[in-house]
Amino acid sequence: MRDSISVEEAGKNMCEYAEGKEKDTRIGFEIRTIHNMIGVHVEHHMKSKGHDLTQMQSWVIGYLYSRKGQDTYQRDIEEEFHVSRATATNILKIMERKELIERKSVDTDKRLKKIYLTKQAVAIQKDAIEDMEFVEQMLVQGFSEEEITFFKRMLGVVHENVARDIHKTKFTKN
């Protein structure tokens, strides 16, 4: 279950932060808070365009869209988003019900199902691309090009640190 806040709550939190009323300055907390605020923005934008999607469904559509021409299976979704098999199954079942994806069995192994975007999902992705460009610009407002480059490098280091720890935890017996 994901944490969810309203647009009003996100705005209030951003204002409090800008005024220096910080509740917590831990990096993980900040990353999670920014993640939630972006999620609120994305869901609000998608709903305003008539698309009833969760943030995760939007990400899955974006991932599948970026892999055009490549075979994509449920295990690819699990690996890309670091989710369990059960979580991926639920996401994909709902997306199939909403007619955002189709799953088709592979001739060589009927248990394997390739995932395809529907025309409806491709249209939604085009709206999402516009919004992502807006969000990217919003995130770096007030940054110089040098600061943006440095910030991206630092985020890459954080990503590597977390991925390395996940890998170590996943493959180390307690």
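How much accessible surface does the protein have, and what percentage of it belongs to carbon and sulfur atoms? The accessible surface comes to about 12,800 Å², and 55% of that belongs to carbon and sulfur atoms. Accessible areas here come from the Shrake-Rupley method with a 1.4 Å probe, and for residues only the protein chains shown count as cover.

This is a predicted model, in which local features need pLDDT of at least 70, side-chain atom pairs count only at pLDDT 80 or more, and totals for chains, interfaces and linings use all residues. Residues are numbered from 1 along each chain as its sequence is written, and side-chain values use heavy atoms, with hydrogens and water left out.

**Overall layout**

- The protein has 7 helices and 2 strands. Helices (H or I, at least four residues) and strands (E, at least two) are DSSP runs, numbered from the N terminus.
- Along the sequence, the pattern reads α-α-α-α-α-β-β-α-α.
- Of the 174 residues, 28% are buried. Buried means under 20% relative accessible area, exposed means over 50%, and partly exposed lies in between (1.4 Å probe, protein chains only).
- Take the contacts between residues at least 6 apart in sequence: 49% of them join residues at least 24 apart. Contact means heavy atoms within 4.5 Å.

**The nonpolar core**

- The largest nonpolar core has 20 residues. Such a core is a set of buried Ala, Val, Leu, Ile, Met, Phe, Trp, Tyr and Cys residues joined through side-chain atoms within 4.5 Å.
- Val60, Ile61, Leu64, Ile77, Met95 and Leu100 have the most contacts inside this core.
- Helix 2 (27–48), helix 3, helix 4, helix 5 (85–97) and helix 6 (119–139) each supply at least two residues of the core. Helix 3 gives the largest share, 5 residues.
- Ser58 is buried, with a relative accessible area of 12%. Not counting residues up to four places away in sequence, Ser58 touches Val42, Met46, Leu53 and Gln125.

**Aromatic rings**

- The whole structure holds 2 aromatic pairs. Rings of Phe, Tyr and Trp (its six-membered ring) pair if their centres lie within 6.5 Å; planes under 30 degrees apart count as stacked, over 60 as edge-to-face and the rest as tilted.
- Tyr63 and Phe81 make an edge-to-face pair, with 5.7 Å centre to centre and 75° between the planes. This pair links distant parts of the chain: Tyr63 is in helix 3 (residues 55–66) and Phe81 is in helix 4 (residues 74–81), 18 residues apart. Both Tyr63 and Phe81 are buried.
- Phe143 and Phe151 make a tilted pair, with 5.8 Å centre to centre and 50° between the planes. Phe143 is partly exposed, with a relative accessible area of 34%. Phe151 is partly exposed too, at 40% relative accessibility.

**Charges over rings**

- Lys68 lies over the face of Tyr65, at 4.1 Å from the ring centre. A charge sits over a ring if NZ of Lys or CZ of Arg is within 6 Å of the ring centre and within 35 degrees of the ring normal.
- The charged end of Lys104 sits over the ring of Tyr116, 5.1 Å from its centre.

**Salt bridges**

- Side chains of opposite charge can pair when their charged atoms come close.
- A search of the whole structure finds 5 salt bridges. A salt bridge is a side-chain nitrogen of Lys or Arg within 4 Å of a carboxyl oxygen of Asp or Glu.
- One of them joins Asp71 and Lys114 (3.2 Å, N to O). Asp71 is in the loop between helix 3 and helix 4, while Lys114 is in strand 2 (residues 109–117), 43 residues apart. Asp71 counts as partly exposed, at 40% relative accessibility.
- Arg103 and Glu96 also meet in a salt bridge (3.0 Å, N to O). Glu96 is partly exposed, at 30% relative accessibility.
- Asp109 and Arg111 form a salt bridge (3.1 Å, N to O). Asp109 is partly exposed, with a relative accessible area of 22%, whereas Arg111 is exposed, at 73%.

**Positive phi angles**

- His82 has a positive phi of about 55°, although it is not a glycine. His82 lies in the loop between helix 4 and helix 5. His82 counts as exposed, at 60% relative accessibility.
- Glu99 has a positive phi near 60°, and Glu99 is a residue other than glycine. Glu99 lies in the loop between helix 5 and strand 1 (101–106). Glu99 is exposed, with a relative accessible area of 52%.
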